[in-house]
Amino acid sequence: MTLDRAAALSWYQRNRERSRALFDMLPQDAYYERPIDLRHPIVFYDGHLPGFSFNTLVKKAAGEPGIDARLESLFARGIDPHESRAGGAALQWPGRDAVRDFVREADTRVVDTLKKKDVGNEPVFTILEHEAMHQETLLYMWHRLPFDRKKRPAGYSPVTRGSVPQQEWIEIPSGRATLGVDEGALPFAWDNEMPAYDVDVAAFSIQKHDVTNAEYMKFVEAGAHAPLFWEKVDGRWCWRGMFELIPLPMSWPVYVSQEEASAFARWRGGRLPTEAEYQRAAIGASPVVCDFTSWDPEPAGSHPEGASRWGVEDLVGNGWEWTSTPFAPFPGFRASISYPEYSADFFDGEHFVMKGASPATARELIRPSFRTWFRPKYPYVYATF
């Protein structure tokens, strides 16, 4: 499949503009802050996004010389420590001017390569999707910063209106679910999405709506810990939004870790769906509340137009969907050439598959085969169930 250079350049430039807008939300003195101990400080991500693109496309794929070996190594890859190793060793980060000089040169060289070099589709789509994914990382990091450390967009107001939807169970008949996609069927897919294979799925029941804050409140009142996105102020529960504390919107989907989602399901006498069950339940679903259209979730059940063939709502958008499936390769897996460690380093039984999309998932990443994954206790992502 021939690469559309103009489309690739446009996407790269949109990515860089959106990333810059996200960094510009913060005051300059936040540059070395570390909003989440399990992630590098903000300075890393400023250098990592163009640095990864430069390393992958210009140095590796095009065989061109480097810019600064130390910075290329420093900004090459993020971290994913176990929660018991939060914090980690402090690194010596370069000054802001040095980082920005590196960023400008890396951007210039990437754009030049996109315009002039024939490097194949894989490394180009790798860098484009990589930056789009990390924009969501930036947002959930920004979410943990104090409200006075972020510039609120003019006119933004979270959508809190809407009643708690009436929960019901929907029967999904037995049938086959297709996981993944075959190589060449799409312009690009990550190695963990390939190859496609079919799974026989027994009949099961699944709730029509995501579990809401109202439903989860009963679990908390029964003795469970409150989710990270909840904060109690003067005896009342609030939602920690991106820009303000909001009286807890009972109709919103609850955002929790995989461990919390599993515990709630057991408490209710159920379980989380497997990846194959999710895939079957989501047939025909269309995206809602995604692609940066909102800084926060919206009420569950308020977008029936996105329902799947069976009538299950919000399976793609408004929050990633946790599954009970450990992240693992599909039969016939082959690591990508451009980024061989992308998936393989996480086939360790310590990460679980999420499907769908969140409000901060770029539209280019939303496809039935797309998979992402996190550790079960990781509480920061925009994930529901």
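W239 stands opposite I246 in strand β7. The model is predicted: local features need pLDDT of at least 70 and side-chain atom pairs pLDDT 80 or more, while totals for chains, interfaces and linings use all residues. Residues are numbered from 1 along each chain as its sequence is written, and side-chain values use heavy atoms, without hydrogens or water. Helices (H or I, at least four residues) and strands (E, at least two) are DSSP runs, numbered from the N terminus.

β6 and β7 run antiparallel and are joined by 3 bridges; pairing requires at least two DSSP bridges between two strands.

Angles run from 0 to 180 degrees between N-to-C directions, with axes fitted to C-alpha atoms, for helices over the stretch in contact. In α6 (residues 213-221), 7 of 9 residues are buried, that is, under 20% relative accessible area with a 1.4 Å probe, protein chains only. Among them are Y216, M217 and F219. The buried residues of α6 pack against β4 (204-207), β5 (230-233), β6 (236-240) and α7 (258-267); contact means heavy atoms within 4.5 Å. G223 follows α6 with a positive phi near 120°.

The axes of α1 (residues 5-23) and α2 (residues 42-61) come within 11 Å and cross at roughly 175°. α1 is therefore roughly antiparallel to α2 (angles over 145 degrees). Y12, R16, S19, R20 and F23 of α1 meet I42, Y45, D46, L49, P50 and S53 of α2.

Terms used:
Angles under 35 degrees count as roughly parallel, over 145 as roughly antiparallel, 65 to 115 as roughly perpendicular and the rest as oblique. Buried means under 20% relative accessible area, exposed over 50%, partly exposed in between (1.4 Å probe, protein chains only).
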